[in-house]
Structures are given as structure tokens and as C-alpha cells.
Amino acid sequence: MKEILFTYSCLLFGASIQGMSMSLFLFPHSIPSGGAAGLALLMNYWFDLSLGFSLWLANIVFLLFALNYFGYRWTFRTIISVGTTSTIVTILTSQIDLPHINILLDMLAGSTFFGIGVGILIRAGASSGGMVIPALMIATYKNWSPGKVMMGINLIIFLLTALVIDYKIVLYAIICQFLSTNIIDYIYEFKLHKVSILSPSWRKR
């Protein structure tokens with residue numbers, strides 16, 4: 001029971017950090033933290049949908065793939081993380097209006113918190129949803145770095161977002177991905193011998 005409570009506490013904590021990084025630091029500058037976030041920004045731009053709801057839509061298809069590939073437990077945990085992140089984004093984007101003077105500082109803070117949040121989610125046996133799901137599928141099959149695979153997948157969506165909203169976005173998004181994926185990989189590969197629930201063996205569950 002203690003392990004289950006600890007795991008789901010990590011899920012909620014990681015997803016909350018991820019949602020905070022997106023809504024407070026990245027989304028105000030239309031910087032996508034990943035492929036799903038890029039799709040959410042595009043849906044917000046085209047259809048004026050809320051960013052939180054757009055995140056849900058962007059994740060539905062990938063969650064169906066996750067169910068067949070990773071199983072019910074992993075998918076259920078990912079649904080919790082996606083729901084928590086979407087809720088945090090909805091609340092913060094609608095209730096808090098912070099001045100964003102320096103885009104570089106916001107990008108650095110957003111990338112750092114995003115990487116920490118996603119890293120915690122992966123170590124807890126879930127993901128942030130979106131392009132993390134196919135990235136983990138490829139990384140598991142090929143034994144590659146999940147952060148680097150995710151960055152490669154996201155580049156196409158970044159280019160599309162840049163073409164539709166602002167060409168500068170692709171540069172900011174690439175820098176954001178470079179910083180956050182290195183943090184994700186560090187947390188993913190960090191050894192915690194005494195805490196088995198956070199070991200990489202979650203992929204075998």
C-alpha cells in the first residue's frame with residue numbers, strides 16, 4: 001500500500017510540475033514543450049479551444065496505442081498524469097496572468113521544470129502522454145535514450161507550429177527540448193537502488 005501511495009504521489013507531483021512549466025513559462029510565448037503541446041497550441045490557435053482541453057484531445061489517440069503496447073496499469077497511470085497536467089494548465093491559464101518580460105528566462109525555467117516533471121513521471125511508471133508514448137515504444141524496442149527519441153519525433157510538429165504561428169517558435173522549441181530531454185535522461189538513468197518502485201523495471205510490468 002505504501003508503494004502504491006508513493007507511486008501515485010509521484011505521478012501527481014510530476015504531472016503538476018509539468019503543467020506548471022507549460023502554463024506559466026512556455027505557453028505564454030507559444031513555445032511547445034513537446035509534440036502534444038504543439039498540437040494543443042495549434043488547436044487553440046485554429047479553433048480557439050482551451051489549452052487544457054486541447055491537451056486531452058492531442059493525447060487520445062496515443063493513449064489507445066499505449067493500452068495495447070504498455071498495458072492497463074501503465075496507461076491508467078498516464079491517463080492520471082495527462083488529466084492532472086490538463087487540469088493544472090486549465091486552472092493556471094485562466095486564473096493567473098503573470099508578466100513575461102524575458103523569453104529566455106521563461107524558456108530556461110519552463111524547460112527545467114518540464115524535464116523534472118516528465119522525468120519523475122517516467123520513473124514512476126507512466127508518461128506525460130503525447131509523443132512520449134511513441135518515443136517510449138521506440139526507445140524500449142531499440143534500447144535508445146527516450147529523451148533523444150522524443151526530441152526527434154517532436155521536430156516535425158515544431159516546424160508545423162512555427163509555420164502557422166511564428167517561425168521563431170521552432171528555434172525556441174528545439175532549445176527547450178534540448179534542455180528538458182537532457183534532464184529527463186538524467187532522472188531516467190539515475191540509480192536509486194533502495195527504491196525499487198522507481199527503477200527502470202517498470203517497463204516489464
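## About the model

This is a predicted model, in which local features need pLDDT of at least 70, side-chain atom pairs count only at pLDDT 80 or more, and totals for chains, interfaces and linings use all residues. Residues are numbered from 1 along each chain as its sequence is written, and side-chain values use heavy atoms, with hydrogens and water left out.

## How H1 meets H5

Let us start with two helices, H1 (residues 2-26) and H5 (residues 103-123). Helices here are DSSP runs (H or I, at least four residues), numbered from the N terminus. The axes of H1 and H5 are 8 Å apart, and the two helices pack at an angle of about 160 degrees. That makes H1 roughly antiparallel to H5. Axes are lines fitted to C-alpha atoms, for helices over the stretch in contact, and angles run from 0 to 180 degrees between N-to-C directions; angles under 35 degrees count as roughly parallel, over 145 as roughly antiparallel, 65 to 115 as roughly perpendicular and the rest as oblique.

The crossing of H1 and H5 is left-handed, a term for a near helix turned anticlockwise from the far one by less than a right angle. On the H1 side, the residues in contact (heavy atoms within 4.5 Å) include Cys10, Phe13, Ile17 and Phe25, while those of H5 include Asp106, Met107, Phe113 and Leu121. By class, the contact of H1 with H5 has 17 nonpolar, 6 polar and 1 charged residues. Ala, Val, Leu, Ile, Met, Phe, Trp, Tyr, Cys and Pro count as nonpolar, Asp, Glu, Lys and Arg as charged, and the others, Gly among them, as polar.

## A stacked aromatic pair

How many aromatic pairs does the structure hold? There are 3 aromatic pairs, where rings of Phe, Tyr and Trp (its six-membered ring) pair if their centres lie within 6.5 Å. Phe25 and Phe113 form a stacked pair, because their ring centres are 6.0 Å apart and their planes are at 15 degrees. Planes under 30 degrees apart count as stacked, over 60 as edge-to-face and the rest as tilted.

Phe25 belongs to H1 and Phe113 to H5, so this pair ties together parts that are 88 residues apart in sequence. Phe25 is buried at 18% relative accessible area, whereas Phe113 is partly exposed at 32%. Buried means under 20% relative accessible area, exposed over 50% and partly exposed in between (1.4 Å probe, protein chains only).

## How H3 meets H6

Next come H3 (residues 51-70) and H6 (residues 132-142), which pack at about 30 degrees with axes 9 Å apart. These two helices are therefore roughly parallel to each other. Phe62, Leu63, Ala66, Tyr69 and Phe70 of H3 make the contact with H6 residues that include Ile133, Pro134 and Tyr141. The contact of H3 with H6 counts 10 nonpolar, 1 polar and no charged residues.

Ser23 sits in H1 and is buried, with a relative accessible area of 6%. Beyond its neighbours within four places in sequence, Ser23 touches Pro28, Ile88, Val89, Leu92 and Thr93.

Ser86 is buried at 2% relative accessibility, and Thr75 is buried at 4%. Not counting residues up to four places away in sequence, Ser86 is in contact with Gly52, Leu55 and Trp56. With neighbours within four places in sequence left aside, Thr75 meets Leu63, Ala66 and Leu67.
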